[in-house]
Amino acid sequence: MAAHIEKSAGMSNIMQFMKLIGQLKRVPRTGWVYRKVKNPESVSDHMYRMAMMSLTITDPTVDRDRCIKLALVHDMAECIVGDIAPSDNISKAEKHRREEEATRHLTSLLPEGLKQEIYALWEA
């Protein structure tokens, strides 16, 4: 019974993670918004394109899988903090603090090994 409850809680946490990450498709890239670009790409659009660019790397000295993972993880905190642009007048230290807090929250919803892997990728 306890294992079932624990498994249910784990699935609930993963679903919450997916719900939060899913919000990235509704977060427009701030730079495009500030430049009044009609129908700006979302953070999710950007992450997908970066992952696809990583997938098409043909240089055998590049760790393509790591590049794909970095592309998927790099901006994930923006589902909580938004896409903070340099013109927002938020210091780099404060931006990092906010994104780190959001990343810790997001990864806390994941199983331990995955939590560590994704957080380490975000830190890279």
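**Notes on a predicted helical model**

1. Let's start with the rings. Counting ring centres that lie within 6.5 Å of each other, we get one aromatic pair. The partners are Y119 and W122: their ring centres sit 5.7 Å apart and their planes meet at 40°, so we call the pair tilted.

2. Are they buried or exposed? Both Y119 and W122 are buried.

3. Now for the record. An unreviewed UniProt entry carries the annotation "domain: HD" for residues 21-123. In the model, that stretch is 61% helix and 0% strand.

4. Have a look at helix α4, residues 64-73. I68, A71 and V73 are buried there.

5. Y48, M52 and L55 make a nonpolar surface patch of about 300 Å². L55 is in helix α3, and with 38% relative accessibility it counts as partly exposed.

6. Staying with α3, find S44. S44 is partly exposed, at 28% relative accessibility. Which residues does S44 touch, leaving aside those up to four places away in sequence? They are L24 and K25. If you'd like a sense of distance, S44 and L109 are 65 residues apart in sequence, and their C-alpha atoms are 20 Å apart in space.

7. On to charges. Side chains of opposite charge can pair when their charged atoms come close. How many salt bridges does the model have? The count is nine, and the next points walk through some of them.

8. R29 and D83 form a salt bridge whose closest N and O atoms are 3.8 Å apart; the cut-off is 4 Å, so the pair counts. R29 is in the loop between α1 (2-22) and α2 (30-34), while D83 is in the loop between α5 (78-81) and α6 (92-108), so the bridge ties together parts that are 54 residues apart in sequence. D83 has a relative accessible area of 14%, so it is buried.

9. E117 and K69 make another salt bridge, at 2.8 Å from N to O. This pair links distant parts of the chain, with E117 in helix α7 and K69 in helix α4, 48 residues apart. Both ends are partly exposed: E117 has a relative accessible area of 34%, and K69 is at 38%.

10. E101 is exposed at 53% relative accessible area, whereas R97, at 41%, is partly exposed. Elsewhere, shared partners join salt bridges into one network made up of R29, E41, R49 and D83.

Terms used
Residues are numbered from 1 along each chain as its sequence is written. This is a predicted model: local features need pLDDT of at least 70, side-chain atom pairs count only at pLDDT 80 or more; totals for chains, interfaces and linings use all residues. Side-chain values use heavy atoms; hydrogens and water are left out. Rings of Phe, Tyr and Trp (its six-membered ring) pair if their centres lie within 6.5 Å; planes under 30 degrees apart count as stacked, over 60 as edge-to-face and the rest as tilted. Buried means under 20% relative accessible area, exposed over 50%, partly exposed in between (1.4 Å probe, protein chains only). UniProt positions are given in the numbering used here, feature names are shortened, and annotations may be inferred rather than shown by experiment. Helices (H or I, at least four residues) and strands (E, at least two) are DSSP runs, numbered from the N terminus. Patches are made of residues with over 30% relative accessible area and no salt bridge: like charges are joined within 9 Å, nonpolar side chains (Val, Leu, Ile, Met, Phe, Trp, Tyr) within 5 Å. Accessible areas come from the Shrake-Rupley method with a 1.4 Å probe; for residues, only the protein chains shown count as cover. A salt bridge is a side-chain nitrogen of Lys or Arg within 4 Å of a carboxyl oxygen of Asp or Glu. Contact means heavy atoms within 4.5 Å.
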